[in-house]
Each structure stands twice: as structure tokens, then as C-alpha cells.
Amino acid sequence: MILIYVTNNNNDIKGLCKNVFVVILSEDYRINNTTHHTDQNGLDRLIVRRGLPFTITLHLRSGRESSLRFLFSSVSTGPLPKEQSGTKSTFSLTDSALKTAWSVSTNSPPGNVVSLSVSSPPDVPIGLYSLTLDQGQKVKLGEFVLLFNPWCAKDAVYMEEERDRQEYVLSQAGLIYKGTTKRIKASPWTFGQFEPGMLDICLKLLDENPKYSSDADADCSGRRNPVYVTRVISAMINSNDDKGVLVGNWSGDYDDGVRPSHWTESVAILHQWADNCCQRVRYGQCWVFAAVACTVSRALGIPCRVVTNFGSAHDTNSNLLIEFLYDEDGNDISDDSVWNFHVWVDNWMARPDLDAGYDGWQASDPTPQEKSEGVFCCGPVPLKAIKEGELNLKYDAPFVFAEVNADVVEYVKLTNGRMVKMGGSSIDVGHFISTKAVGSDERHDITHLYKHPEGSLQEREVFERAKHHHELQQKGEEPGLKVKIKVSPDMDIGADFDVFAVTNNTEADKTCRVMFYARIVSYDGKPGANCGFIEDLTMEVPTGKEKRLPLRLEYVDYGNTITSDRLIQLVLIVIESSPREFHKAKRTIVLENPDIAIKLLGEPRVNQKLSAQISLQNPLPEPLQNCFFSVIGAGLTDGKILIQNVGTVGPKQEVKYTVEFTPTSTGSRTLTVDFDSDKLSNIKGYLNIEIKE
């Protein structure tokens, strides 16, 4: 029997007895992790990707070289590993690596220092593995983490272009798009998938899912498949029916947690969840759910991007129609909704479970909206299936299709119970579907990947192929009067401005009853308090003339009730007196934020202190209390959020703050800044910094 001694220290070789293999691990971490593109996780442990060999160095006493042929190795993952489920494998030394099974081989010349190459197949489960050597006595060499491998052509998550892998796997910072179709705003987010502790937390998230609790080995075996892992991530980011990470809250009351708009990075959220025994983190909304899902996906090696859909439908009854129902006073009494924007993720993977042609980007939505197979999760579903209306394909194709391509129908329910069609549209849903461009901060419009051009023959054919019979089918009259809403060019938070109701008639003189009101609204379309109103105004509209009706919106009316989304919904209802016909126009506006200015003070070099001056001007006609700047950057702030209380900022006053930090790694890094106060929050800025040696 040959004893095996495991060490991380070269000096331990001295003085060991002659019948010992010495396995030196520490010197292999740097080479392996760099080769496997995991070095950003650190060099103090072995983290590798499947389908690519990694090396272990053996130091042998003289005369013991021949003992290698009797060496056996085994790897295992999970609490109850089994050969038949692929969570355990035992193998002996071979002359060359195998492509379809675990193997260990060596090409080292004869001598007492031997380099072993351990190879994994490209389709084995990911996770935390144990590595054991056996030569009559089993010795656990240690543990290593195995991840998906977008660099391996045989892996289901393979991406061909290196620039795509850099963006969708290795980049720790990104942009998330919010606002409305008229005003799209980029908001910075730090994913931080390589920050200390993140990989272990992401693996813990997999172990906390209910499928692991019910059958751990089956769950661990399923982790070979990125489709399976993506569904687990989608379910575990929300906490609706498991020990997931985030609690969703759209009520506006966040006193017992963190306001969703305050978050700027995933690291603090995941640390809070893991450090508190998997207690749910309060609170998140769609972009927070999506950003955290992106962090976990990239950490595990699944290419991922955050996607925003403007004019995003929530179809509650799966009929592919958004049915808006109003009473005669204009109150919305419907169940369906169209969100101003909604955010989810796309993951890149092959789909061998489907027919050919559906590999590539797959939509997945961790925001808890509807259940899928009894669990609050959604996807992954191929973008091609959504675009072509193939709604029988896994997973949740009808729901995602409706989000980007549902038709809108509007009805008025009269006091006698009769429903009158007020309008509708086939082009209100699914616009400017956006994600950050590869290698730049530009917005990349990917609408064409989700749907054919709006209103085109192809788009209509796809909808007709996909749609179900909707439940409120009624025939209504087409209106002859045209109504719309126009807005002022400059609508800044804190300012007073006008919006206009416009009517245009091309048939005959009309006498109309007009209701025009403005109300606060959240990004998911839920209405709040009124902030402007014109009620029951009788207006004459001459033939062929345009009639304008101004509505003044003043800060004194909207300032105390507007949410951090800074959205105001304008609703115009026009009722013709004879014949009695209803017309409706709706528009959501977003008020502009003040800008955060960030200026570097010095040359950015690794491991050298660097300063940045941050400034912001209060746009409001009243002071801001309890003002804070929060600063974070992967590779810049050592995984910590730097918080500075700047007190009170007077009306129209500028506040400045200088932050100091020490970059810990070279390359392109992003410094993200968030400003928060009692009356103004969700103000974000960022600066890309190139850190030199």
C-alpha cells in the first residue's frame, strides 16, 4: 500500500517517508482557474469548467513511479452520489483523456514529479465535487467546483464568439432599461458574480430548492441540464413557494424592508439571504428579480442577459388578449394589465428536448406572476418559439407570447350591464425590447428576435395562429372621432408643466362630454392618487378642426404621492352625445431625473487609492432630508457598499461628495452611485473606469 499525503505547501515535501505520494494542490489553482476562466473567483481553491481537463501535480519518492498504474480516482457530487445517476464516477489511469466519461491521464516523462490530467465530460452535473485517490486506501484530496462551460463546443451553453462570452458570462456590471416607450432610461447594476462568497451562495441556492429536499440525487443529476438549472433559478429568486431569495412588493409600503428602487447590485441581496439562514429579503420588483437571476446564471456558467420589454402585457387568463374593462366614470375594473415595462432574462443554451432549430436565447422570468407546473417560475422558452407563435413548446410559451404580442381590447360596462367596445389595438404591446449591447453601453434593440415587425402581415399571421378565443368577444362600433394626448417636451421632476387632450373630427360637428385626468402610476400599471383632473366638461368640436384642452400638472399636486418610478398616467375619455359613442386615449409619462456627475481625481491603478468626486443638484422647490450616496463597484470597493450621509440639500442646491476606494483588479470596471433621500430616490449614475497595472 502506498500512502498519499495532501498539502498546499511545497516545504512539506521534506522529511516525508519514502512510501508517500505528495499531492501539491496550491500550485495548480492558478494554472487551472486561469485556463478555465474562473480566476476572477480567486486562486485559493479549484474552480473548473466541464469538458476541459484540469491538472494535479504528484511528487513521488524515487522508485515509486511504477505504482501509478495501480492508482484509481473517483469524483462525486451531492449527499448520496450514485454511478447510475451520473453523480459519481470511478476511473483508473489511462494513456489519454476520454471525451465521454471522467478520466485521468498523464503525459509526464518518467520521474518523480507527475502531472495528472483529470477530464470531465461536457454533460455531467455542475456543482461541488469531491476528488478521491485510491491505491488500497482512499484519500480525499479535496473539493472542487465544476461549472457550465461556454468555451466548450460540446457543452449545451457553448457560445461561439469570445466577445459574447466576455459580456454574458464574465462581465460583472451592466445596464437595465426602465421608463416608457417615449423615454427609455438606462440604470446601472453591479452583478458581482465573482465577488467573495458569491459562488458558494449560488450553489447554496440550488441546494435550497424543494426538488433537492425531496430527492437530492435526482436534483443533483438534473444539474447537468441548463434548462433544469434555469427553471430552478427562476423559482428560487422569488420566495412565493419556497425558501427563495426575494419577496415581491408593489404596494408602495416598504417600511419593513428595502425599497426595490434602492438596490443597485446583487451581492448585498444574496449575502443577506445566505447570512440569515435563507430568510427572504424584502423587497424586489421585476428588475431586481431579473438582475439577481443574471448574477446566479453567470456565476454558474450559463450565459445570461437582462431584457426589458416596454408595454408588457400580463395576461391572467391565457387567452392572448388584454381586456380592459371600465365603468362609465372611467374606473378600471379589469383583471388584465399592461405594464409600462417589465424585465426578465434571456439565457443561452441548446434545447435537445425540442425539435431542431430552437437552440440559442431562451426567455426566463423569475418575477412571480403566474404558476408553471405548480411553481412560481417561468421559462426557459426559445425566442424563436415566441416569434413564430409556437405555443406548445416548453416552457410557458403562451404567457411570454402575450407579454410581447397580445392584442388590447377596451370596453365600457354601462349601468344596464351592456358592454360597449370603446377601442382596442394590436400594436400597444411589446415595444423596444432592450438589452445592453455587447462590449459597449449602447442600448441593443432585440424586438426582432421576439416578434415580427408590428402590424406586418407576418406578425398578424403569427397572432392568428397563436391566439385563443377570448372570453369577452363583443362587437362594437368603430369611432369616427379621433382623440389623443400630447405632452410638453420638458417634464422634469419638481417642475410644473402642461399636457393636452386633442380631439379631431373629420365628419360633422360634435358635442362631447370630456373627462381628462392625471394620476400617479407604478411601473406595473397600478394606479395611485389623482394629480390633475378635468371632469364632465362639455366641449364642441367643429367639423375638420382640432380642439386642444390643456391640463396643468403642478409639483404641489404630484410631489407628495409620486413613486420612485416617477410615472404619471394620463387618461382621456370622450363621450359623444349623439349617437352615444365612447373614445379613450391613454398615455404614461416619466419625469426626468437629475443627473449624477462622477469625476475621477487621479490616475486609476490597481492597489492604489483612488478618489472620485460625486455631485447632484436638487431639482425640487423644497429641501431634501436624510440624503445618502451609496457607491459600489466590482473590483473597486472590495465587495462593500460605501455609504455617505450628506444631510440636508436645499432647494435647487448642489451637493458634492468625494469617495475614496482602492481598485483590486485590472481591466474595465464600473463604479455605480445611488442617491437616496426622503423626497427623491432611485437616482443612479455610473462611470466606467479602466484600471491599469
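A residue counts as buried here when its relative accessible area is under 20%. Keep in mind as you click around that this is a predicted model.

**First stop: Ile520.** Select Ile520, which you will find in strand β26, residues 510–521. Its relative accessibility is 2%, so Ile520 counts as buried. Now show its surroundings: setting aside residues up to four places away in sequence, Ile520 touches Lys526, Pro527, Gly528, Ala529, Cys531, Tyr558, Thr561, Ile562, Thr563, Leu567 and Ile568. If you like distances, pick the C-alpha atoms of Ile520 and Gly532: they are 12 residues apart along the chain and separated by 9.7 Å.

**Next: Lys584.** Move on to strand β30 (residues 581–590), where Lys584 has its place. Is this lysine, Lys584, buried or exposed? With 12% relative accessibility, Lys584 counts as buried. Display the side chains and look for its polar contacts: one of 2.9 Å joins Lys584 to Tyr326, and another of 3.4 Å joins Lys584 to Glu410. Beyond neighbours within four places in sequence, the residues in contact with Lys584 also include Met422, Val483, Val571, Leu572 and Ile573.

**Then: an annotated site.** Select Asn405, Asp407, Glu454 and Glu459, which an unreviewed UniProt entry annotates as "binding site". These four span 55 residues in sequence, yet no two of their C-alpha atoms are more than 11.5 Å apart, so they gather at one spot.

Zoom in on two of them in turn:

- Asn405 is found in helix α10 (residues 397–405) and is buried, with a relative accessible area of 4%. Not counting residues up to four places away, Asn405 touches Val429, Lys451, Glu454, Glu459 and Phe463.
- Glu459 lies in helix α12 (residues 457–466) and counts as buried at 1% relative accessibility.

**Last stop: a sheet.** Switch to the cartoon view and find the open sheet of 4 strands, ordered β34-β33-β36-β37 with antiparallel pairing. Strands β34 (642–649) and β37 (683–691) stand at the edges with a single partner strand each, so one side of each has no neighbour in the sheet. From one strand to the next, the twist averages 20 degrees. To look at one pairing, select β33 (residues 624–632) together with β34: they pair in the antiparallel sense over 6 bridges. Finish on Cys627, which stands opposite Gly647 in β34.

Terms used. Residues are numbered from 1 along each chain as its sequence is written. This is a predicted model: local features need pLDDT of at least 70, side-chain atom pairs count only at pLDDT 80 or more; totals for chains, interfaces and linings use all residues. Side-chain values use heavy atoms; hydrogens and water are left out. Two strands pair if DSSP finds at least two bridges between them. Helices (H or I, at least four residues) and strands (E, at least two) are DSSP runs, numbered from the N terminus. Axes are lines fitted to C-alpha atoms, for helices over the stretch in contact, and angles run from 0 to 180 degrees between N-to-C directions. Buried means under 20% relative accessible area, exposed over 50%, partly exposed in between (1.4 Å probe, protein chains only). A polar contact is a pair of N or O atoms within 3.5 Å; within protein, one must be able to donate a hydrogen and the other to accept it, and residues adjacent in sequence count only if both atoms are side-chain atoms. Contact means heavy atoms within 4.5 Å. UniProt positions are given in the numbering used here, feature names are shortened, and annotations may be inferred rather than shown by experiment.
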